[in-house]
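Me: Hi! Could you walk me through this structure?

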Number of protein chains: 2
Amino acid sequence: MAQATANVETVSGRGRIRRRAKVDASSPAIIAGVKREIPTYDIVSEEGLEIIEEKTDEILQEVGIDFRGDDVALEIWKQAGADVRGERVRFDKGHIRSLLKTVPNSFVMHGRNPERSTRLGREHIVFVPAYGSPFVSDLDQGRRYGTIKDFENLVKLAYSSPWIHHSGGTVCEPVDQPVNKRHLDMVYAHMNYSDMPFMGSVTTRDRALDSIEMAKILFGEKFADENCVISGNINMNSPLVYDGAMSGALRAYAEANQCPVVVPFVLSGATGPVTIAGAIAQGLAEVMVGVALGQLVRPGSPAIFGNFTTTVNLKAGSPSFGTAESVAASYVVGQIARRFDVPLRCSGGFTSSQCVDAQSTNESVNSLNAAILCGSHFILHAAGWMESALTMSYEKFVIDADYLGALHKFVKGVSLDDDQFASGAFAEVGPGNHFFGCDHTLANYEHAFYESELFSTMPFEQWEEEGSLDIAQRANLKWKQMLEDYQKPELDPGVDEELREFIQRRKSEMPDTWH
Amino acid sequence: MAQATANVETVSGRGRIRRRAKVDASSPAIIAGVKREIPTYDIVSEEGLEIIEEKTDEILQEVGIDFRGDDVALEIWKQAGADVRGERVRFDKGHIRSLLKTVPNSFVMHGRNPERSTRLGREHIVFVPAYGSPFVSDLDQGRRYGTIKDFENLVKLAYSSPWIHHSGGTVCEPVDQPVNKRHLDMVYAHMNYSDMPFMGSVTTRDRALDSIEMAKILFGEKFADENCVISGNINMNSPLVYDGAMSGALRAYAEANQCPVVVPFVLSGATGPVTIAGAIAQGLAEVMVGVALGQLVRPGSPAIFGNFTTTVNLKAGSPSFGTAESVAASYVVGQIARRFDVPLRCSGGFTSSQCVDAQSTNESVNSLNAAILCGSHFILHAAGWMESALTMSYEKFVIDADYLGALHKFVKGVSLDDDQFASGAFAEVGPGNHFFGCDHTLANYEHAFYESELFSTMPFEQWEEEGSLDIAQRANLKWKQMLEDYQKPELDPGVDEELREFIQRRKSEMPDTWH
């Protein structure tokens, strides 16, 4: 899969000969991602969903949302008929919901390699690496601040995994680069070391604009205006606040017809109420308003409805992940997103654990499975997440990615085609014998089960002889091998040059800042 | 919970003053187990289920089931109108299904402490320790053969966990005891060190009868004849064979109005076809026939419908657990059991991993969650399972048990009561502030979230200062503390003496055998 070659055409741009991905929104060649063939899981009744929507409306109407330091957003809301007093915006019942009607229920998120473009929404599932950690860790060097080298490594690992469909965004913070310039290096790393879709910067409106500008260089201005070629993860300041940096970035993506992934940050008991129903209603109010703002800026532009609801350990005050309560919340949010018929980002491979131990995967499998069954489409944090988002682990990245392969199998469900019942095999094998060598087994074994490259079923004695390596130690060998085997997907030299020039120019226009 | 005192009455038996548990099948005092308040997950359509039942009927009619070395069973089938040729028994379409109609859809499985009796079936869930491993392991001594001391320790740990409802059966093989006598020590350990329901021996019909005899001593003959006071895990020799030891034990439990848990052993690709649909149909055929035999022996006696379907690693020939395919199979089997309206044992905390690492809980959470969502009632192997059932791990036992606590919370679903929406809190806190100290948090925090005793959310620096212990190392401290804190539930001295006399007599009647 890593060797898939781009389907390219020659076009001219700024006086250079350039080769650009031939991409077509309706192309049947789109192959990345996986299509769900199993039902979602509904945890509450339709009646329950109506109560939740009512309570969400109450929050929007009675409490409202602050837009802090973004006069443009406040003006947009005024024009739209919302009740704006100072920075507080309140909304009539049903107003926000009516604005969500123009959100496309499915759209293509393009990669520069059209074979790795993905579709968002409906029955499509896209797995995306973890996002935003300042630290990285591996078994050799332990936990340390992330660097641009780590960032590039992680982009390469995602590119090399057959089970990850998207290059992600801030796969780790490259803390060795200036705060105000590192977005340029991150976006370039996604473009240069991968050919999958990717996310741009959101930390200020200017950095979002830089990211979008680079996407235009990569995909061509016209194509980029008509198609989704970049997305940005817009984090709210929960409870009920959009700061200007985030709403400014959100507007930048929407103006350019690009995709804001709008995500509340509801820690039940801290940034949201300690009861899950209230936390869900708050998160919904928050995301609905952000997505609606994008639709006011450019109706019909793509958007992803995000959710991030978890609990806090009330004794320690720290967030806890993969918990029973957060999993239940994901199921509810999935149901609401289906009522709105919008693409959903919800849940992921979360854990609070400080190392790659039995806690880490207990929590991350619990929340990853919830992502699948709740009907999430854009599964961010699907690989590598550690320590409540503070760390990206190389080992956990490849363990999670391997498990995503199993989930590819799981979402295909159980085939009940006649030959799957193996009637002939029962007659051939009969009571008391085994099916190892029977015709039906020989005809089907190759595609029967997902074959993990990391999960061990070997006899204990053999496992001991081979060094008693636990899965983290095996994963350590695996990611090194993957980096060694990595082959960079060719980037057109003309485009590359243009990107580098843009980056150099932008860097030269600003002094470095480090906080 | 471990300190719960038994509600006892004085009765006389064999000339001694005895105190026996006051148990009443309709008692509202039953408190053990947890009641599901969330829906199950349906992975295939009703139409799909009909196809599966049809294919199951085909296997029963065309291939049939062998009863090997059990003339009594063959005679029962002849009398019932089945097609018996030699040891092969074939069944007309619908015959077996009609025999399942007398299985109680819910019944009480009694503990000697009535407060720890459990209900099986419908919305009730009972968590039971892992079963049958010849090895045990802990971080101090590593992997080694199990002993009666280990067995007793594991009974004590289950008794001490607030999240385990049943003492289990062969929690490990006490390999230091003679093969033909260890069942007496095992059953006694459950009776002596715990007061919860437990399982007896199944390895021969005689050992089943001994186990039932001991249960009669504990509960009184009349009570034991009228109520479920012991159960036996009847493993088939898949594909499609009951050997005489197992069908003889099955009959012994049913004759005594006790509960056989009838379980196929379908390793898709080895003891069953390599395609999941066929493996499911086979397992259904197998379990249906066993449960039906029990109903012929004593109509209306309790039974549990069992399932055990997993895949084999086709390269290695070894079973693999917690896989995508086995999880999907559990969902299907759950749906079928609901159609039959019978209590179900399905899935559990399975893993192939050789140690308590990130693989082990990835797999066991995957399969435990499937047990919950597929609607399993009797969740055997809920704690401690390691290495494809070869090992019981002390550390994994307490990690799993802790996670069972989270599942207790999860199955309660999301409350949508008005106060759960925290309307007042939003008004009090407002945008941008936190909910830590608000009235609503103070009123609700105590019961808001499941509080794990093992899963860590602490800051990395603090975790490092405290020794960088992973969850297995923390679990190692935990189980030792639990054993230290363990307090034996009082067993009536008269009953105890009678049990000991029975055991001594039975042991004296047989020379030791060691294989």
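What follows is a chat about chains and helices.

Reply: Happy to! This is a predicted model, where local features need pLDDT of at least 70, side-chain atom pairs count only at pLDDT 80 or more, and totals for chains, interfaces and linings use all residues. Residues are numbered from 1 along each chain as its sequence is written, chains are lettered from A and ligands numbered from 1 in the order written, and side-chain values use heavy atoms, without hydrogens and water.

Me: How many residues of chain B are in contact with chain A?

Reply: 110 residues of chain B touch 110 of chain A, with contact meaning heavy atoms within 4.5 Å.

Me: And how many salt bridges between them?

Reply: There are eight between chain B and chain A, each a side-chain nitrogen of Lys or Arg within 4 Å of a carboxyl oxygen of Asp or Glu. One pairs Asp418(A) with Lys55(B) at 2.5 Å, N to O. Helix α11 of chain B (residues 358-373) gives the most to the side of chain B that touches chain A, with ten residues; helices here are DSSP runs (H or I, at least four residues), numbered from the N terminus.

Me: New topic: at what angle do α2(B) and α9(B) pack?

Reply: About 80 degrees, with the axes of α2(B) (residues 71-80) and α9(B) (residues 276-297) 11 Å apart. The axes are lines fitted to C-alpha atoms over the stretch in contact, and angles run from 0 to 180 degrees between N-to-C directions. So α2(B) and α9(B) are roughly perpendicular, a label for 65 to 115 degrees.

Me: Which residues of α2(B) meet α9(B)?

Reply: Ala73(B), Ile76(B), Trp77(B) and Ala80(B) do, and their partners in α9(B) include Leu293(B) and Leu296(B).

Conventions
Helix = DSSP H or I, 4+ residues; strand = E, 2+ residues; numbered from the N terminus. Parallel < 35°, antiparallel > 145°, perpendicular 65-115°, else oblique.
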